[in-house]
Amino acid sequence: MKTLTDFAPARRQVLGLGLVLAGAAAINVVPGFQLLAQAQAAIPPAAQKIADHFSSVKSMSGEFVQFGPKGEQTGGKFFLERPGKIRFNYDGSSNFRVISDGKSVVILNKKLNTSDLYPLSKTPLKLLLDDRIDLSGGRVKAVKEEDDLTTIQLSDKSVFGNARITMMFDPKSYELRQWTITDAQGKDTTVMIFNVKEGVSIPPDTFAIDYTANRELNTKTR
């Protein structure tokens, strides 16, 4: 299984879904955020309510639009099931698929005939997919409350280095609207979701990863 440092730069736009390089770059804080001290024990009430609601959503599906660090725009459909499972089907000729089965994440490019495998536990995507959204241990770095959005910035330096995820929620319904992944080089990729349905039934094979095919394909391409 590969590590995050094996990512090719050309795949950065796909990596915005939560697979980002962990490195030594400093964290840039968005102006207006309420910074939280590392040792602060109490979690802001708004953040905790959102975490509790988001944790209670065990499945969802919908559409997404993704904006890369250079303004690239792609989109498609997604499916999510807790714990640890998600699938992104990208539109377009590249036929990208990003699938997590709860243990691993695979990036499939049928056009280029590539299949790259990574540990879910080493990506910020894990923070979205845990059975319980864990805000302890200093993971909440900043909170910003506005009339139309509540923004929460999370990171886990012990796992992701200085990469971070910034999530935006509706302050009334607590529904997730979008997230931004900032990699170690300070480059942002934003994913906006819409037409979301919660509590949907999703076929189990939606999140299946063919490990044998992945191994055979990568053996042939070496």
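1. P124 sits in the loop between strand 7 (114-119) and helix 3 (125-129); helices (H or I, at least four residues) and strands (E, at least two) are DSSP runs, numbered from the N terminus. The C-alpha atoms of P124 and R164 are 7.0 Å apart, although 40 residues separate them along the chain.

2. A word on the basis: this is a predicted model, where local features need pLDDT of at least 70, side-chain atom pairs count only at pLDDT 80 or more, and totals for chains, interfaces and linings use all residues. Residues are numbered from 1 along each chain as its sequence is written, and side-chain values use heavy atoms, leaving out hydrogens and water.

3. Next, the cavities. A cavity is a set of points, on a 1 Å grid over the protein atoms alone, where a 1.4 Å probe fits but cannot get out; lining residues have an atom within 4 Å of a point. Points are joined across faces, edges and corners, and a volume is the space filled by probe spheres set on them. Two cavities of 30 Å³ or more turn up.

4. The largest cavity holds about 50 Å³. Helix 2 (45-56) gives the largest share of its lining, four residues, while strand 9 (150-154) and strand 10 (164-169) each supply at least two. The lining comprises 10 nonpolar, no polar and no charged residues (Ala, Val, Leu, Ile, Met, Phe, Trp, Tyr, Cys and Pro count as nonpolar, Asp, Glu, Lys and Arg as charged, and the others, Gly among them, as polar).

5. The second largest cavity, of about 40 Å³, is lined by M60, F78, L80, I86, L128, L176, W179 and I193. Strand 3 (73-81) and strand 11 (176-182) each contribute at least two lining residues.

6. M167 is worth a look on screen. M167 is among the residues lining the largest cavity, and its contacts (heavy atoms within 4.5 Å) include L128, L154, L176 and W179, leaving aside residues up to four places away in sequence.

7. Finally, strand 4 (residues 85-90) has five of its six residues buried. Strand 4 pairs (at least two DSSP bridges) with strand 3 in the antiparallel sense over six bridges. In the hairpin of these two strands, G84 in the turn has a positive phi of about 85°.

Methods. On a 1 Å grid over the protein atoms alone, a cavity is a set of points where a 1.4 Å probe fits but cannot get out, and a pocket is an open set with protein on both sides within 12 Å along at least five of seven lines; lining residues have an atom within 4 Å of a point. Buried means under 20% relative accessible area, exposed over 50%, partly exposed in between (1.4 Å probe, protein chains only).
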